[in-house]
Amino acid sequence: QEADPTSEHISDLIATDGGVLFIDGAVNIWSMVPYESSLVIFAYNGVWELSGVNDDGFKATSFKLKRISDFGAISASSVVSTGSGFVFWSASGIYALTREEISGSLQAASISATTVQTFYDSITGAQKERAKGFFDEINKVIYWMYNDDPTSTNPNVSNKVLLLDTRISAFYTLTFPWEYTPEYGGP
């Protein structure tokens with residue numbers, strides 16, 4: 001902090017100071033990810049965008065905090081950046097977070113409601129919480145690895161994959177005949 005908060009002469013907050021930001025209502029903030037000129041904040045109960053005012057950049061004395069959605073990410077590991085936005089798992093579905101063309105505002109929309117919602121609903125909450133998402137930038141495919149074996153005791157192994165080909169907006173699944181450990185490449 002450049003200004004001395006204990007000074008008798010100048011103790012006011014100035015634009016280049018740091019500080020603490022409270023997000024009213026946010027529960028379990030999982031992830032904060034820079035996106036363009038904003039910071040996108042994923043919590044269990046919503047998604048927020050933190051940005052500067054009037055494209056002036058973020059300053060301690062002037063910023064804008066906007067709630068984008070009332071539904072949030074079920075975990076940090078399910079949030080996937082695609083370069084043009086984010087796709088994340090929530091308790092109720094799979095959502096894409098993209099910039100609206102006309103207003104420029106970030107918006108969240110379900111991409112599972114009319115496609116794989118029944119399949120997604122069959123994955124338990126605990127399985128969704130442990131899912132790990134990855135983006136293959138070359139093939140433009142998102143992989144969410146998870147384990148649906150109720151007898152598995154290792155949370156770091158997966159036997160199922162839900163894939164989203166972002167080029168054609170198609171979901172498909174893969175099943176491993178063993179528990180796959182990403183760090184080691186196999187059983």
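**Close-up 1. Lys140 sits in the loop between β9 and β10.** In this predicted model, strand β9 covers residues 132-136 and strand β10 covers 141-146, with Lys140 in the loop that links the two. Take a look at the backbone here: Lys140 has a positive phi of about 60°, even though it isn't a glycine. That's worth a second glance because most residues other than glycine have a negative phi. Is Lys140 buried, partly exposed or exposed? Its relative accessibility is 33%, so Lys140 counts as partly exposed.

**Close-up 2. Glu36 is another non-glycine residue with a positive phi.** This time the angle is about 50°. Where do you find Glu36? Look in the loop between β1 and β2, the latter being residues 38-43. Glu36 has a relative accessible area of 59%, and since anything over 50% counts as exposed, Glu36 is exposed.

**Close-up 3. Leu50 and Lys64 meet across a gap in the sequence.** Count along the chain and these two are 14 residues apart, yet in space their C-alpha atoms are 5.7 Å apart. Leu50 belongs to strand β3, which runs over residues 46-51.

Close-up 4. One of its members, Leu21, comes from the segment before β1, the strand at residues 29-35. Leu21 has 33% relative accessibility, so it counts as partly exposed.

Notes:
Residues are numbered from 1 along each chain as its sequence is written. This is a predicted model: local features need pLDDT of at least 70, side-chain atom pairs count only at pLDDT 80 or more; totals for chains, interfaces and linings use all residues. Side-chain values use heavy atoms; hydrogens and water are left out. Helices (H or I, at least four residues) and strands (E, at least two) are DSSP runs, numbered from the N terminus. Buried means under 20% relative accessible area, exposed over 50%, partly exposed in between (1.4 Å probe, protein chains only).
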